[in-house]
Every structure is written in structure tokens, then in C-alpha cells.
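Morning, everyone. Please bring up the model on your screens, and we'll walk through it together.

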Amino acid sequence: MSDKDTSSVSEAEIAVYWQEENLLPPSAAFVAQANLTDRAIFERFGLDNFPDCFKEYADLLDWDQTWHTTLDSSDAPCFKWFVGGRINASHNCVDRHLALNRNKVALLFVPEPEGEAHQAITYQELWVRVNETAALLQDFAHLKAGDRVTIHLPMTPELPVTMLACARLGVIHSVVFAGFSGKACGERAADSGSRVLITMDSYYRGGALLDHKEKADEAVHAAAAEKQAIDTVLVWQRKTGGYHSATPMQAGRDHFMNEVLPRYRGKRVAPVPMPAEAPLFLMYTSGTTGRPKGCQHGTGGYLAYAAGTSKLVQDIHPNDVYWCMADIGWITGHTYIVYGPLALGATSVLFEGVPTFPDAGRAWRIAEQLGVNIFHTAPTTIRMLRKLGPDEPAKYNYHFKHMTTVGEPIEPTVWKWYHEVVGKGAAVIVDTWWQTETGGVLCSTMPGIHSMKAGSAGPAAPGIHASVLDEDGQNMPAGSGKAGNIIIRNPWPGLFQTIWGDRERYVKTYFAKYNKNPKSKDWRDWPYFPGDAAVLAADGYYRILGRVDDVINVAGHRLGTKELESACLIVNEVAEAAVVPVNDEIKGKLPEIYIALKPGVKASKTIEQAVVKAIEVEIGKIARPRHVWIVPDMPKTRSGKIMRRVLAAISNGSPVGDITTLANPEVVEQVRIMVQGK
Ligand code: WT7
């Protein structure tokens, strides 16, 4: 079926619409070189060997002190891994590679302007930059282990350098995606209790040098409004020697990194051996209700899982040129641009810009020029590149052995273009299903073992024991053809430790659904509920259908319905707001907004624009809605609940279903005509 057809069906229907695709084995050439070809790994990582099997991942790392307890469940479901162990993530990603590979490129930075030279940063150079930055953070910004720092940086080397400098000191970093607004950044800074914000004056995106420092000023205000003082703003400069922002530097608060850093030239800071379970970072993500959640990831467990899955799922070898075209401001970038690849001593490409600027051949030129052989991106990007430049890949002489898709379901037609045109029929593809919360991949084919199947993520990864359950917790057997809730029966080292400052919400959101004994200290009683629907095929492959909650997955990034709705309510004229996901050919989903106005207020373009603006300010441009509909009234149940399901059906042109029980069924037809025409 055509793309148009798939983009007009709901997630749950995908299961029905997408046909089972044929299995496609990896090429002999890929298998011959793969890190993992032995199926015995699934026995080694079987539940009989749980949790000790994960030693195999932990052994990929350097430990300052070996752990005495692999898994501590005494505070279940806040699990602790490798307890008693001490480890430093910065040492593992930098220092330990110096002896053999100091001259090897760690980060290959590709600026967006094609005229600007690439930067190849060796492990030695990375080590120097991380040390000097750590010295500055320690002595100038007065940061120490356990403190939180908010980092609002674009895709330039300063971002991984700053993260690794924090990790060196045991400082917990909280990276906020640069595309988020100043307000969103400030709220996250407040939630994490950061008194230091690290930013950049500007960066390139889509051909323009964007003013980024202006967001720092907004962030400081937003944090102050929540009683969190940010006393220090450290400002990297995108262009050496220049300051490209309209906002003034505030004396005493704002400091140019490039002015302060020379004081720390030559300074070295010993990596702090952190307890394995000490938090390494926070990563905020959207949920069903309330504020974004600060997902807290630990040091030893997270890094072990990042390294293990980078090696087995990404198949990274020492000589590969690996390019994950995600943003480090999301979990994919944390795990599969920075921590995983660098822990393995690999070369990781860092691209500042968008892959369609100045044209749809940019990504393939980069691949050709750098000799990239592992490529990692999201369905939304694949769809866009396919639309804008379906024949571009063939014009460039690159060769991928391995490609990843991550973040949302990928339509079989798009998957096939990725395979045949981008991968030139030669590259193996892994469709990796996971989340911010899970630290690393949960379901994927193991590229040297399993055949690929378009539209399906694949079996659970080694040591991950998944099932599909119905609402009552009954197992839905493989091949039943029915969708249910996918769960993971056991904890694993990459699982986040808690929601920062909100253990109760952690337990409630991810574990309460299928837990029968809230007092249990046995991990078997705490299946992890990720909030996705899935079907399990007879061959053991999971097909992920999407969220079962009010989370909208836009271009592979999560937006909470409630967050968007609260932003709309900031506009004074708005009485009620409902946000629904609408299917989009490129982005997967886009939010569409319905608002009802306060009595006596007349609908106008100005109000629509004010709503869009409010969303940009509160959250950022990524959350921009497809459309704002001002409706006479919201379809409601008799108890007054807005029927988002009905609005979503109208937006997507699908049947509204039974509306006879609504308090105001006549509104549905009015709204439908408004949105769809007659
Ligand atoms: C949600 C997590 C994984 C890092 C990037 C997104 C959806 C993720 C897949 C996939 C189908 C997927 C799920 C998940 N998702 N990967 N391969 N196939 N759906 O991280 O922002 O935390 O979003 O993205 O719905 O729950 P995230």
C-alpha cells in the first residue's frame, strides 16, 4: 500500500494494515566481520544467569573497584547495579584510550556551513579539553560531585566535552535539547536544582546563525520564577573570538568560556571514582500528565549497557567511522553518539546541521567524504530525505555496512527505500526500539544473527525478557495477532533509577500497572511498563505500534499532551484546550490543537497565532501544531471530560465511532465540517 494510506491510519490499526514482511538475512560479508554471530549469547543472558550475565557488559569497562553485588533490589523498583563498584565515565570514554590510541580521532565534527573545515579531535586532544573544562567547572564554577548542571548546547564538540568534564567530577549533567525554548530549559534547570547553566552564543541551523544566548536569559528568569537561582552562566562561543547574540553578557553572572579557560591551560583533574550507582545524568522527557520527568541514569549500569549494546547492536569496531545523526540533546545522542561509542574507543561523527541543507545530498556527501560505514537515524529523517532526494544516495560513493532506525515505527515502504537506496542493498538494518528511560536498546535484531523484517523491531536484546500483556496482565502468546502492552519482565543495567525528586511518580508510571505486591523486594514482581502497544509475531519479533498514553511522538520525540494544553491556556482568551496527534507523512505525528474561547470572546487569527507563539515560548518550535482550530464547544462526556479520541478521529479523517453517550453529540458534526469541510 502507498505511504498516503499508512499515514491516515491510527497506530493501533497499523498492526492490521501493515502486512507481515519477509525475513531478509544479513549479507555474508556483514556476518563475517560482525561482533556477534553466536546465538549462545541468548543462553548466557537467559533468566537462569540473571543478573550476573550483565558482567559481560560491565567487563567492557575499566573499574576503579569491582562490585560486590550485581543487582541490589532492596529498594525495588529503584534497582541498583554493580553495587560496591567504583567507576568514572570520563576515564572510560577518554583516558583509558590514550595508551594505545591517543592519536585516534574520537570526535569528527562537521559544521553546518560546507565551507567551514571539519574538526578531527583525537583522544589526546579530547582528554586535554575535558581536563581543562573540568578544572574550570571545579575551580571557577565551584561544582563538585553530586551537583547538577544544566547544559543547553547545540551539536558542536563543546557539548560532549562539557558532558565528559561533568562526568569526570561526578557532577550530574542535564542536557536540554538546544531547540527547546529558554523557558522550557529554565523549568528543567529549576527541577534539577542547577545553579549553573552552560550555553553557547549561537549556532548554525538550516543556513542561519541562530541567536542561542537569548534563551539563557529566559531560562534564568524561568528558573527564578520557580525559586531556583542560576548564579553562573557559562557561554561558549560558536566562532572563536566573536560574540553572536543580541543579548548583553550580564556582569558577574555570564562568563565566556574562551576567556576563562586559558587560566586552566595545562590543568589536569583526576577522574573521581564514583560509586557505580551514583547518578551520571538526568534527561527530561514528557509524560502523560504534569511536568517533564527528569529520568535519572546511573553511572556503572548505564555505561555498561551503553557500551554493550553499542558493540553488539551497533556493531562498532575500532576502525569503523560511525555516524549517528541524532542530537546529543536526546537520549539517542547520549548513548549512541557520546557514551557508547567513546567507551569503545570508536570514532563518532558529530554533525551540527540539518541533513537537507543546503540540499538533500548533504548527508551522503558527508558519508562519502568521511568514509562513514555505520549510519544511524530516525524514520522522520528517512522519510524527509526520501521525499526531497529519492535519487541522491546513488550519486555518492559511500558504503554503509550497517544502518539504524530509531524513535518511531517505520513503514515497510520507507524501510525498503532505506535498505535499497540508502544502504544500496548491502547494509544490514537494525530497527531499535527503546526509550529515554531505558538507557539503551530493548528490542532489535542482532545484526549478525537475525534476519531483518521491515516494520518490525525484532526480538528482545540479550538479557531483556519481554512479553505482550493484556490489560489484566494475561500473556498474549506469540502469533496471536493481537496488540497489547509490551513489558519487560526483568530490570537491566540501562534502566533509569528514578524520576529526579519523584520516586512515587516513577513507581506509578512504569511499574504500578502490573505489580501485585508494592512491598516486594523481588525484581520478578516489578515488570517494567514502557507505555507502548506491540504485537508479537509467531517468530518472536515485536512490532511496536506506538504509545498507549497521551504522549505524542513527533519526529521521534515525545511531547506530552498536557504540557501542550497548559501552554495554550496561557493565552488569556482560551477557556479550554485539547491537543491530539495527527498523522503526518514526514514527522509521523504532529500535534493539532482545539481550543474553546471564554464567553464573549470572538474567534480570530490573532488568537490562533497567540496560541502557536505560546507553544513556541513554553516548549519550543518542535512542538509547533499543524493547525489550531477554534471550536464553538468541545465534545464532552456527561461528566465533562473532553473526548480527545473524537477530535483525533476528526483530525485524521477516520470514523468518530460511537458518540451517542456524549453530553453534546451535535458539536461533533459542527467540528467535523469545520475541519474537513462538508
Ligand atoms: C518512544 C520513546 C529510543 C530513543 C529515541 C526516542 C517510540 C522508539 C521505536 C521503534 C517504534 C519506537 C516508542 C517509545 N519508539 N523507538 N524502533 N519503533 N517506536 O526516545 O523520546 O524516549 O521516545 O519512542 O513509542 O516509547 P523517547
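Let's start with one pair of side chains. Glu21 and Lys416 form a salt bridge, and their closest N and O atoms are 2.8 Å apart. Where do the two sit? Glu21 is in the loop between helix 2 (11–17) and helix 3 (28–33), while Lys416 belongs to helix 17 (residues 412–422), so this pair ties together parts that are 395 residues apart in sequence. Lys416 is partly exposed, because its relative accessible area is 32%. Keep in mind that this is a predicted model.

Why can such pairs form? Side chains of opposite charge can pair when their charged atoms come close.

Next pair. Lys183 makes a salt bridge with Glu618, with 2.6 Å between the closest N and O atoms. Again, distant parts of the chain are linked: Lys183 is in helix 10 (residues 182–192), Glu618 is in helix 20 (residues 605–618), and they are 435 residues apart. Are these two buried or exposed? Lys183 has 26% relative accessibility, so it counts as partly exposed. Glu618 has 15%, so it counts as buried; the cut-off is under 20%.

Third pair. Lys636 and Glu576 meet through their side chains in a salt bridge, 2.7 Å from N to O. Lys636 is in the loop between strand 30 (628–630) and helix 21 (644–652), and Glu576 is in strand 28 (residues 574–584), so parts 60 residues apart in sequence are tied together. Here the lysine, Lys636, is buried, at 17% relative accessible area. Glu576 is partly exposed, at 22%. Salt bridges can also share partners: Glu20, Lys453, Asp539 and Arg543 are joined that way into one network.

How many salt bridges are there in the whole structure? A search finds 42.

Now the ligand. Which residues come nearest? There are 18 residues around the ligand, and Asp431, Thr432, Thr436, Asp532 and Arg547 come nearest. The shell divides into six nonpolar, seven polar and five charged residues. Helix 14 (331–343), strand 20 (428–432) and strand 25 (542–547) each supply at least two of the shell residues.

Look at the ligand's oxygen atoms. One is 2.5 Å from an N or O atom in the side chain of Thr436. For the side chain of Asp532, the distance from a ligand oxygen to an N or O atom is 2.6 Å. For Asn553, again to a side-chain N or O atom, it is 3.2 Å. How much of the ligand is covered? Alone, the ligand exposes 550 Å², and the protein buries 97% of that.

That's the tour. Thanks.

Note on methods: Residues numbered from 1 in each chain as written. Predicted model: local features only at pLDDT ≥ 70, side-chain atom pairs only at ≥ 80, totals over all residues. Heavy atoms only, no water. Near = heavy atom within 4 Å. Polar contact = N/O pair within 3.5 Å; in protein donor to acceptor, adjacent residues only side chain to side chain. Areas by Shrake-Rupley, 256 points an atom, 1.4 Å probe, with all protein chains shown as cover. Helix = DSSP H or I, 4+ residues; strand = E, 2+ residues; numbered from the N terminus. Nonpolar A, V, L, I, M, F, W, Y, C, P; charged D, E, K, R; others polar. Salt bridge = Lys/Arg side-chain N within 4 Å of Asp/Glu carboxyl O. Buried < 20%, exposed > 50% of the residue type's maximum accessible area, 1.4 Å probe, protein only.
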